[in-house]
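Here are my notes for you, written as numbered points. Keep the structure open beside them and find each residue as you read.

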Amino acid sequence: YMKDQIDLDSELWNKSLEFNSESSYVLESASGKGKSSFVSFLYGLRYDYSGAILIDNIDCKQINNNSWSKIRKNKISIVTQDLKLFYNISVLDNLLIKNKLTNNKTIDEIIELMQILQIDSYSTKIVSKLSLGQQQRVAILRALLQDFDFIVLDEPFSHLDRQNAILAMNLIIKECEKQNASFIITSLGNEIPFPNNTIKIAL
């Protein structure tokens, strides 16, 4: 995908690389190096790349819509940069719609998670009225309301202050540990320190 960049020096593009759910990963680079594109490829939203991306040894380009639905419900959760929230309904309704599909948490557990990310005080607020940082926290929490082997987050802390970014990161780690799962986070490299055992990949 990035072959037209003559000076490309990447640990991802034009390489063979394996992600396994026993490790967590941070993909670091400046803007324009393909972080968001890679997230789209991994989630089956785009196919304009050469080479192959395999999930459980199956080429993504060969996975049908029904199988993608199962993967997105049980194996890969995602937070994209554009968040894809329902902006004309409340924070809580956004979360309940997702949880109705997955039956992953009780309402009390959802409220507890909202408290951890400090978004419980505006649970009834329409999402379009929130700041970008508040919307990011809603999107992160929504992504945690399902089973997954990997949670993939594209620059999830870009509009969060350091304190809220650390709260969100700690919650992501906690939920990953609970599910024996892992995270793949794209980063500009200057948001927060990641756990020492995180594998960093330079794009």
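**Notes on the salt bridges, pockets and surface**

1. Asp56 counts as exposed because its relative accessibility is 53%. For that label, and for others below, the rule is this: buried means under 20% relative accessible area, exposed means over 50%, and partly exposed is in between, with a 1.4 Å probe and protein chains only. Lys75, at 28% relative accessibility, counts as partly exposed.

2. Before going on, a word on what you're looking at. This is a predicted model, where local features need pLDDT of at least 70 and side-chain atom pairs count only at pLDDT 80 or more, while totals for chains, interfaces and linings use all residues. Residues are numbered from 1 along each chain as its sequence is written, and side-chain values use heavy atoms, with hydrogens and water left out.

3. Back to that pair: the side chains of Asp56 and Lys75 meet in a salt bridge, 3.2 Å from N to O. Asp56 sits in the loop between S2 and strand S3 (58-59) and Lys75 in the loop between H2 and S4, so the pair ties together parts that are 19 residues apart in sequence. A salt bridge here is a side-chain nitrogen of Lys or Arg within 4 Å of a carboxyl oxygen of Asp or Glu. As for the H and S names, helices (H or I, at least four residues) and strands (E, at least two) are DSSP runs, numbered from the N terminus.

4. Asp82 and Lys84 meet through their side chains, at 3.2 Å from N to O; Asp82 is partly exposed at 46%, and Lys84 is partly exposed at 48%. Glu175 forms a salt bridge with Lys178, with the closest N and O atoms 3.4 Å apart. Both Glu175 and Lys178 lie in helix H6 (residues 162-179), 3 residues apart, about one turn of the helix. Are these two partners buried or exposed? Glu175 counts as buried, at 1% relative accessibility, whereas Lys178 counts as exposed, at 54%.

5. The largest pocket has a volume of about 900 Å³. Of the 31 residues that line the largest pocket, Leu17, Phe19, Ala52, Ile53 and Leu54 are the closest to its centre. On a 1 Å grid over the protein atoms alone, a cavity is a set of points where a 1.4 Å probe fits but cannot get out, and a pocket is an open set with protein on both sides within 12 Å along at least five of seven lines; lining residues have an atom within 4 Å of a point. Grid points are joined across faces, edges and corners, and a volume is the space filled by probe spheres set on the points.

6. What is the lining of the largest pocket made of? It divides into 18 nonpolar, 7 polar and 6 charged residues. (Ala, Val, Leu, Ile, Met, Phe, Trp, Tyr, Cys and Pro count as nonpolar, Asp, Glu, Lys and Arg as charged, and the others, Gly among them, as polar.) H1 gives the most to this lining, with 3 residues.

7. The second largest pocket holds about 490 Å³ of space. Its lining has 20 residues, and Tyr43, Arg72, Lys98, Leu101 and Gln146 lie nearest the centre. H3 gives the most to this lining, with 5 residues. By class, the lining has 9 nonpolar, 6 polar and 5 charged residues.

8. Ile97 lies in helix H3 and is partly exposed, at 37%.

9. Last, two asparagines for you to look up. Asn103 has a phi near 50°, a positive value in a residue other than glycine, and lies in the loop between H3 and helix H4 (107-116). Asn180 also has a positive phi of about 50°; its place is the loop between H6 and strand S6 (182-187). Asn103 is exposed at 67%, and Asn180 is exposed at 65%.
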